[in-house]
Amino acid sequence: MSIADGTTTSWIRRFRTGPDQDRRLVCFPHAGGAATFFHPVAMRFGPAVDVVALQYPGRQDRRAEPMIPDIASLADRITDELVRLSDRPTVFFGHSMGAVLAFETAWRLEQRGTHVPRTVMVSGRRAPSARRPDHQVYLRDDEGLLAELKLLNGTAMNLMEDEEVRRMTLPAVRNDYRAIETYQCVPGRVTAAAITALTGTDDPQTTVAEAAKWREFTTGGFRLASFPGGHFFLAEQPGPVLDEVGRELAQLGTPAR
């Protein structure tokens, strides 16, 4: 069953809708993240652009639903949801774990021959060929998990001081860390979509060199942009990062690079 333009579902969240939207931006949240993380993106580009933010199960209003513990299964489910949308020129934007999901979803859509994005923007994530097999945060206890979040300065740590917030949040964080830390890209898998890699110069999870390795995963164009800041540089530098997103959206009306 198709999803009508402007509709919100359990997976598909839209924060600013309007008529005559001829381009789409699909946003993939980070580990433990939710669709609401991309509300500022919708405010920047909507309503001219159809900004779709994905909501994974196991968080916020989907907290009671079973979480999906591996990247492949989650990408399969996302692909099934996206093909229900109208097909229009599209850019994918994924941060951290969301970057890998955006890449895997793009590849799956190419296999189906529909809803293929023009560009996949991979933010705050090293390429699959730059694995760190000793990084197994999901095996830590809750205090170890909280220490990782503090290092990344992601989830507002003042909120995590509340025991109820921790109880509601940490299961999704641990599940998503398990998914991304056990992920291994299928050898030789590439996308025909162009890839634009964005990274923070002080990100403890991704060096600029590791982000540059994403060029190995596309047969289309590749571009790399770095910004001052850590893992969540896009929250620290929202203007310049969204300028990069706007540049990719503007390219949807031109021949593929």
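I began with charges over rings, and found the charged end of Arg62 over the ring of Trp11, 4.5 Å from its centre; I count a charge as sitting over a ring if NZ of Lys or CZ of Arg is within 6 Å of the ring centre and within 35 degrees of the ring normal. I then found the charged end of Arg189 over the ring of Trp107, 3.4 Å from the ring centre.

I noted that this is a predicted model, where local features need pLDDT of at least 70 and side-chain atom pairs count only at pLDDT 80 or more, while totals for chains, interfaces and linings use all residues. Residues are numbered from 1 along each chain as its sequence is written, and side-chain values use heavy atoms, with hydrogens and water left out.

Next I looked up aromatic pairs, meaning rings of Phe, Tyr and Trp (its six-membered ring) with centres within 6.5 Å, called stacked with planes under 30 degrees apart, edge-to-face over 60 and tilted for the rest. I counted eight aromatic pairs by this rule. Phe37 and Phe232 are edge-to-face because their planes stand at 70 degrees, with the ring centres 6.1 Å apart. This pair links distant parts of the chain, 195 residues apart.

I checked accessibility with a 1.4 Å probe and protein chains only, taking buried as under 20% relative accessible area, exposed as over 50% and partly exposed as in between. Phe37 is partly exposed at 27%, whereas Phe232 is buried at 9%.

I also recorded the edge-to-face pair of Phe103 and Phe217, with 5.8 Å from centre to centre and 85 degrees between the planes. Both Phe103 and Phe217 are buried.

Finally, I saw that ring pairs join Phe37, Phe38, Phe93 and Phe232 into a cluster.

Note on methods: Helices (H or I, at least four residues) and strands (E, at least two) are DSSP runs, numbered from the N terminus.
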